[in-house]
Amino acid sequence: MAVLATVIPATGKALPPGDTLNTGDVAWMLTASALVLLMTPGLSFFYGGMVSSKNVVSTMLQSVIALGVISLLWVVVGFSLAFGDDIGGVIGNPLTFFMFDNVSAAPVTLGTGDGALKMTIPLLVFAMFQLKFAIITPALITGSFAERVRFSAYLLFMVLFSLLIYCPLAHMTWHPQGIFFKWGVKDFAGGTVVHMSAGFAALAGAMILGRRKTHQANVAHEPANIPYVMLGTGMLWFGWFGFNAGSAGAANGTAALAFATTNTASAVAMLGWMFFDWIRGRKPSAMGACIGAVVGLVAITPAAGFVTVRESIVIGLVASVLSNMAVHLKTKSTLDDTLDVFPCHGVGGMVGMIATGIYATDVGLKYGKTETFMYHMIALVIVAVFSFVGSMILYKLVDLIVPLRVPEDQEYTGLDLSQHGEAAWRLNGLLSGVGHSKHVVEEELVVTS
């Protein structure tokens, strides 16, 4: 389909010129784009270490494959839907940048009026930077239905989610004519667009796909590789500097502020999660410290360039405690969100959006203003409903075309072998981490129960 699209004549028109090209800004934004790209393989290690040993390859691939699928989709029509000429404040014209037509190597002005964005970097660099956000968002969702989703069904859902959920949210939030943008909603780097959308889509996915067989039998989950989780956390933390500081769009003071608030919020959230577990009588775990660090990164994302370093400490700590409590409540329910995507990204994203409405410089509640906070609450509800209901519909649609869930025997075997014919490790020529047969597993469940 993408190959056929290349023969369609060029459409759209060139955008008006932007500001003078700034080589320092170009260098920083190219670097930031590479840093954000690193987050996706970082996420694959983070998730891959958390799942059972028979599902490591499949889980990691679900993140990595987004690099290919979304990159191509973004060039064909995704960037145009997100940042093309405005249609009703909700979506971009799919023809504006179709096949990256008119995505030039010169700075342009995006949008019109007082909110127009006059770039000092090539539009092509801006488009590639935004691509990295579009890549990692569907990858985040995969943690909720890990260990039971059919690979082909996931690919179809990823495409539909990106076109019908992610791109409209990106347009509404970051395009100068987008409805959230015009309301004055402050989302510096993706609290609504990335984390809330992924979190609520993950909640819908966990509900639609249902519980794993081991979850139904109350069998304790054993992560395959904690060092993978720690490696993934380091890669995510490192890449997040591009995610947040790069969202300043230039090498300036705002980027420096976002860099500092990002690091501080993550640090305090890591410690907050670990000590909160400790206070409640649990051992301070590497897994908990890593999850806490990521929650802090999630929560500071919408606020990074709008709050002080002092305020980032509050945001990181509050998000850490609330997400920890949300994970604990989830474990007491029948919801099988395998890797706690909603408690971490959904809850963390909401905490960040609320905190931005409170602390955002000059316009937050802290400064005696109520309008921004009010619009943040409205946007929060809209994004939650749109992402959750929209994803529910997409899951149902995909299931009609390709069954979402693998057959029971494939779930017992593990997705690495059943979906991809591969295993994570081989010891002395033998497969390691391969699931037992259904009969053997059922016997184990009887014994453990």
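How many of the 19 residues of H13 are buried? Select residues 341–359 to see this helix: 17 of the 19 are buried, and H13 is thus mostly covered. Buried denotes under 20% relative accessible area, exposed over 50%, and partly exposed the range in between (1.4 Å probe, protein chains only). Helices (H or I, at least four residues) and strands (E, at least two) are DSSP runs numbered from the N terminus.

The model is predicted: local features require pLDDT of at least 70, side-chain atom pairs count only at pLDDT 80 or more, and totals for chains, interfaces and linings use all residues. Residues are numbered from 1 along each chain as its sequence is written, and side-chain values use heavy atoms, with hydrogens and water left out.

**Along H13**

From its first C-alpha to its last, H13 reaches 26 Å, close to the 27 Å expected at 1.5 Å a residue; the expected span is 1.5 Å times one less than the number of residues.

**The largest cavity**

Next, select Phe46, Tyr47, Met50, Ile291, Val294, Leu339, Asp340, Val341, Cys344 and His345, which line the largest cavity. A cavity is a set of points on a 1 Å grid over the protein atoms alone where a 1.4 Å probe fits but cannot get out, and lining residues have an atom within 4 Å of a point. The largest cavity holds about 70 Å³ of space, and the whole structure contains three cavities of 30 Å³ or more. Grid points are joined across faces, edges and corners, and a volume is the space filled by probe spheres set on the points. H13, helix H2 (23–50) and helix H11 (286–300) each contribute at least two lining residues.

**His376**

Move to His376 in helix H14 (residues 371–401). His376 is buried, at a relative accessible area of 0%. Beyond its neighbours within four places in sequence, His376 contacts Val185, Lys186, Met353, Thr356 and Gly357, contact meaning heavy atoms within 4.5 Å.

**The kink in H5**

Select residues 151–174, helix H5, and centre the view on Ser162, where the helix has a kink of about 40°. The bend at a residue is the angle between axes fitted to the seven residues ending there and the seven starting there. Of the 24 residues of H5, 18 are buried, so the helix is largely enclosed by the rest of the structure.

**Two loop residues**

Finish with Asp362, in the loop between H13 and H14. Asp362 has a positive phi of about 75° although it is not a glycine, and is exposed at 52% relative accessible area. Phe100, in the loop between strand E2 (91–92) and strand E3 (109–110), has a positive phi near 65°. Phe100 counts as buried, at 15% relative accessibility.

Technical notes
1 Å grid on protein atoms, 1.4 Å probe; cavity = no way out; pocket = protein on both sides within 12 Å on 5 of 7 lines; lining within 4 Å.
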